[in-house]
Amino acid sequence: FLKYQKYLEIVQEVVPEDYPEINDLLKRYKTLRDANKDLTTRQQLHENLNESKRSEFVNYTKEQTNGILNANNKIAFLQKALETSETDTIRVQNDLDAQVRSTYSNPSIL
């Protein structure tokens, strides 16, 4: 303890305007220690909050990516259905045109 008291006396002698008494130095130490403890607690709280928000963001990103994939799958399905309908329409139109040509190209029917 004597070693520390001697150190405190030296510090007090070096900066007497800041610490007129050794007790002032001890109070300053306690203030800094308490502030450090408070900051450490806050840092841990904010790290936990940050981790929670990061996790929420990752989950949100996954959900939105899945939603986009599902929408793209639906678009592909509907596009295929449209193409099938267009192909069927063209086939029916061609069959109808062929029937009409065949009807009008046969003079016995007229």
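Biologist: How many residues apart do Arg54 and Glu51 lie in helix α2?

Modeller: This is a predicted model, in which local features need pLDDT of at least 70 and side-chain atom pairs count only at pLDDT 80 or more, while totals for chains, interfaces and linings use all residues. Residues are numbered from 1 along each chain as its sequence is written, and side-chain values use heavy atoms, with hydrogens and water left out. Helices here are DSSP runs of H or I with at least four residues, strands are E runs of at least two, and numbering goes from the N terminus. Arg54 and Glu51 are about one turn of helix α2 apart, and the number of residues is three.

Biologist: How far apart are the closest N and O atoms of Arg54 and Glu51?

Modeller: Arg54 is partly exposed at 45% relative accessible area, and Glu51 is partly exposed too, at 43%; buried means under 20%, exposed over 50%, and partly exposed in between, with a 1.4 Å probe and protein chains only. The two form a salt bridge, meaning a side-chain nitrogen of Lys or Arg within 4 Å of a carboxyl oxygen of Asp or Glu. The closest N and O atoms are separated by 2.8 Å.

Biologist: Moving to the rings, how far is Lys3 from the ring centre of Tyr4?

Modeller: A charge sits over a ring if NZ of Lys or CZ of Arg is within 6 Å of the ring centre and within 35 degrees of the ring normal. Lys3 lies over the face of Tyr4, and its distance from the ring centre is 5.8 Å.

Biologist: What is the accessible area of the nonpolar surface patch that includes Tyr60?

Modeller: Tyr60 belongs to helix α2, residues 22-105, and is partly exposed at 49% relative accessible area. Patch members have over 30% relative accessible area and no salt bridge; like charges are joined within 9 Å, and nonpolar side chains (Val, Leu, Ile, Met, Phe, Trp, Tyr) within 5 Å. Areas come from the Shrake-Rupley method with a 1.4 Å probe, and for residues only the protein chains shown count as cover. Together, Phe57, Val58 and Tyr60 have an accessible area of about 310 Å².

Biologist: How far apart are the C-alpha atoms of Asn50 and Glu83?

Modeller: Asn50 is placed in helix α2 and is exposed, with a relative accessible area of 53%. Asn50 and Glu83 are 33 residues apart along the chain, and their C-alpha atoms are separated by 49 Å.

Biologist: What separates the C-alpha atoms of Thr84 and Leu26?

Modeller: Thr84 also sits in helix α2, where it is partly exposed at 41% relative accessibility. Thr84 and Leu26 are 58 residues apart along the chain, and the C-alpha separation is 86 Å.

Biologist: Stepping back, what is the radius of gyration of the protein chain?

Modeller: The secondary structure comes to two helices and zero strands, and the C-alpha trace spans about 130 × 20 × 15 Å along its principal axes. The radius of gyration is taken over C-alpha atoms, and the globule rule is 2.2 Å times the number of residues to the power 0.38. A compact globule of 110 residues would be near 13 Å, but this chain has 43 Å.

Biologist: What share of the residues is buried?

Modeller: The protein chain exposes about 10,100 Å², with carbon and sulfur atoms supplying 58% of it. Among the 110 residues, the buried share is 4%.
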